[in-house]
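Please consult the sequence and the structure alongside the points below.

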Protein chains: 2
Amino acid sequence: MNAGSEQELVEEWRGLLARHATVHNALETELQAQHNISVSEFEALELLASSDHGKCRGQDLTNVVHLSQSAASRLVARLERGGLVERVMCDLDRRGIFVVLTDEGHQRYSDAKPTHRSVLARTLRGEH
Amino acid sequence: MNAGSEQELVEEWRGLLARHATVHNALETELQAQHNISVSEFEALELLASSDHGKCRGQDLTNVVHLSQSAASRLVARLERGGLVERVMCDLDRRGIFVVLTDEGHQRYSDAKPTHRSVLARTLRGEH
DNA sequence: GAAGATTAAATGCACTTGCATTCGATGCGC
DNA sequence: GCGCATCGAATGCAAGTGCATTTAATCTTC
């Protein structure tokens with residue numbers, strides 16, 4: 001399906017762009033206003049919250065947030081500065097780190113989650 | 001359709017994010033490497049190329065590029081610096097401006113278009 | 001027609017981003 | 001075990017972004 005004449009491809013891409021912008025902007029605005037976290041930060045917290053012991057490798061985080069490695073590194077730094085996360089050395093491979101959710105981080109995620117879901121429900125309606 | 005339990009909504013959003021990132025990154029990389037323009041710049045050129053006389057209001061541009069007003073203003077400034085576009089005063093409403101495509105701008109758009117389409121064809125395949 | 005509200009665009013500023021590089025730690029070949 | 005490629009993460013830096021504000025023009029109300 002979705003074979004795609006050139007025109008169809010372009011229209012699909014424009015739809016994707018518009019949809020992405022709508023949802024992303026709404027999420028950014030509400031998460032920022034109500035919980036003081038960005039979309040990327042929320043994504044990171046969500047990964048951690050769903051991980052065993054609220055802990056994951058730096059790389060796993062990079063893979064999830066759709067950011068460059070350096071941006072992901074700084075994202076972790078911000079979260080750490082905000083007390084939502086801690087970096088701990090990884091003994092098995094001492095190049096790497098574990099990022100672990102703090103209690104406060106878990107709390108903030110739990111608080112933000114309903115907001116996140118409600119924005120999705122509001123903005124992600126209709127045809128795909 | 002697409003009623004959406006919470007879980008379904010989240011999955012749809014993640015799919016949208018992933019899809020957007022894939023296509024956007026590929027477009028950015030190839031347009032930059034082969035034609036030295038960004039995705040936003042291409043979008044602006046495309047709007048202009050499809051407009052009457054290759055000319056449109058600053059605002060129309062802002063609406064299309066999914067950027068803030070200030071970012072759109074600077075986008076036009078970059079395009080102008082690069083010689084792809086010119087800003088001309090709008091006599092009917094002298095607050096506003098017209099952005100007009102130069103010959104070189106039209107050429108660059110024509111050159112970049114096949115690249116753009118081919119990236120879409122390559123990356124926008126499969127389920128929506 | 002003048003005063004105040006509104007609009008289009010530009011700009012100062014702080015922050016985020018990606019690229020390239022760096023630094024240390026692992027792994028591999030020999 | 002030694003050197004060299006590779007890998008995970010952090011960082012310097014230039015560039016792009018959004019927010020808030022500014023400037024100038026237009027519209028509204030009286």
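This is a predicted model: local features need pLDDT of at least 70, side-chain atom pairs count only at pLDDT 80 or more; totals for chains, interfaces and linings use all residues.

A polar contact is a pair of N or O atoms within 3.5 Å; within protein, one must be able to donate a hydrogen and the other to accept it, and residues adjacent in sequence count only if both atoms are side-chain atoms. Residues are numbered from 1 along each chain as its sequence is written, chains are lettered from A and ligands numbered from 1 in the order in which they are written, and side-chain values use heavy atoms, with hydrogens and water left out.

**DNA strand D**
- Around DNA strand D there are 21 residues, of which A:Gln59, A:Ser73, A:Arg74, A:Arg87 and B:Ser68 come nearest; a residue is near if one of its heavy atoms lies within 4 Å.
- The side chain of A:Arg87 places an N or O atom 2.7 Å from a phosphate oxygen of DNA strand D, and the corresponding distance for a polar side-chain atom of A:Ser73 is 2.8 Å.
- Sugar or phosphate accounts for 61% of the atoms of DNA strand D within 4 Å of the protein, and bases for the rest.
- The residues of this surface comprise four nonpolar, eight polar and nine charged (Ala, Val, Leu, Ile, Met, Phe, Trp, Tyr, Cys and Pro count as nonpolar, Asp, Glu, Lys and Arg as charged, and the others, Gly among them, as polar).

**DNA strand C**
- DNA strand C is surrounded by 20 residues, the closest being A:Ser68, B:Gln59, B:Ser73, B:Arg74 and B:Arg87.
- A polar side-chain atom of A:Ser70 lies 2.9 Å from a base nitrogen of DNA strand C, whereas that of B:Ser73 lies 2.7 Å from a phosphate oxygen.

- Helix H2 (residues 39-49) of chain A has 10 of its 11 residues buried, so it is largely enclosed by the rest of the structure; buried means under 20% relative accessible area, exposed over 50%, partly exposed in between (1.4 Å probe, protein chains only).
- Helices (H or I, at least four residues) and strands (E, at least two) are DSSP runs, numbered from the N terminus.
- Strand S3 (residues 97-101) of chain A has four of its five residues buried.
- S3(A) pairs in the antiparallel sense with strand S2 (residues 85-89) of chain A over five bridges, pairing requiring at least two bridges found by DSSP.
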